[in-house]
Amino acid sequence: MSYFNRHLAEQLAEIDRHGQRRQLVPVTHLDRGRIKIDGSQHLNLAGNDYLGLAANRDMLADFYRQQDSSNLLACYGLGSTASRLMTGNTRPYVGLERKLSTLYGSEAALVFNSGYHLNVGILPALTGKQDLILADKLCHASLIDGMRLSLAKVIRYPHLDYQAVERILAKDRDRFRQVFIVTESIFSMDGDVADLAQLVRIKDRLAAVLYVDEAHGVGIRGESGCGLAEEQGVQQAIEILTGTFGKAYGGQGAFVVGSRPLIDTLINTARSQIFSTGLPPVSVHWLSTVLDKIPHLRQERAKVAELSQRLRSQLRQIGLQTMGDSNIVPVVIGDAARTVAAAERVCEAGYWVKAVRPPTVPAGTSRLRLSLNAAMDWEQLAPLPAIIKTALD
């Protein structure tokens, strides 16, 4: 074994010692929120297909029925050929970004290849050494990586502690050219929500810029599916509003909506956008098709909300600890090894559940993360609380 491979083996052994070794598992997606793994079916509680669109057979069949010789390359092509600034800005992009601007009432929109591409690209493109990034401590890893790539000073405030935000800005605002307050709308591990209206009031009073990542809000929250900002009535007051297509939209990619100067600046300065090959036309065309439906899926959004509320209630009734106010329902166990063992037992009972451990969450807060979607029914979920309880005994 070479020196390099010995070094890698030592790293993997250390990961094993901490119980944090991960592996890729081949998955086949089925309808009704189910998946097949190694020949066995499970209810998928580890995915993010919040509206059940990625595995919607009828929608997919209808999408491909529209394919013919006239649109084969333009709308169903499998390669964009280049970055968007070269020849990869295919016609479906134009239609998708126009629809996003209309839906969000913004001047412009820009699509990135993924939520990760978006979050590692925006902050480095917009900030410099004279700026401050003030971010919620539980922001997603992609936002953290974007902060690391930025030249700005970074302060991470305690989770949802807006008094801390005000204290920091009251003391230090005048030291910086621009201040960017960064938050998720719905937090992916706790399932809790930000008070965006309060953040808007703070940023307006103290001349800051608000950056809201709606990865877990778009499609699933708001009257038109625009997210938590729409639900809380502050959509138009947020300077940088982003979302992903990889969750409720059942596709691939991410987007930012905002002013024309913001979008033009990102086109010219966001390296993750400039130096990435564009998405295939078929992916962008699918997103455009889904976007037409999103505002009308109110019944699906209501169903997910009802399922989530009912599951939380049942978990609490039998003494399990949960939190949040979204379709992400955590069951906090605490000890990492106990959480892993419980997840394995729950999976054996037909529910695909993953143990979330440090460093993803703080030590002592390991949990099962239950992610619900509109393709599920309560009859499928009803046995789950008792199964989790038994798995912990």
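Strands here are DSSP runs of at least two residues, numbered from the N terminus. The model is a predicted one.

**Stop one: a loop serine.** Select Ser 326. Ser 326 sits in the loop between strand E11 (321-322) and strand E12 (328-334). Buried or exposed? Ser 326 counts as buried, because its relative accessibility is 6% and the cut-off for buried is under 20%.

Now show its polar contacts. A polar atom of the Ser 326 side chain lies 2.9 Å from the backbone oxygen of Gly 191. The backbone nitrogen of Ile 328 is 3.2 Å from a polar atom of that side chain. Leaving out residues up to four places away in sequence, Ser 326 touches Ile 186, Gly 191, Arg 221, Ser 308 and Arg 312.

**Stop two: helix H9.** Select residues 196-205. Which residues of this helix are buried? They are Leu 196, Ala 197, Leu 199, Val 200, Ile 202 and Lys 203. Next, display what covers them. The cover includes strands E6 (153-157), E7 (179-184) and E8 (209-213), along with helices H8 (162-172) and H10 (228-231). Step just past H9 to Ala 207, where phi is positive, about 55°.

**Stop three: an open sheet.** Four strands make up this sheet, in the order E1-E2-E3-E13, with mixed pairing. Strands E1 (28-29) and E13 (351-352) are at the edges and have a single partner strand each, so one side of each lacks a neighbour in the sheet.

Finish on E2 (residues 34-37) and E3 (residues 40-44). These strands run antiparallel and are joined by four bridges. Select Arg 34: opposite it in E3 stands Leu 43.

Note on methods. Residues are numbered from 1 along each chain as its sequence is written. This is a predicted model: local features need pLDDT of at least 70, side-chain atom pairs count only at pLDDT 80 or more; totals for chains, interfaces and linings use all residues. Side-chain values use heavy atoms; hydrogens and water are left out. Buried means under 20% relative accessible area, exposed over 50%, partly exposed in between (1.4 Å probe, protein chains only). Contact means heavy atoms within 4.5 Å. Two strands pair if DSSP finds at least two bridges between them. A polar contact is a pair of N or O atoms within 3.5 Å; within protein, one must be able to donate a hydrogen and the other to accept it, and residues adjacent in sequence count only if both atoms are side-chain atoms.
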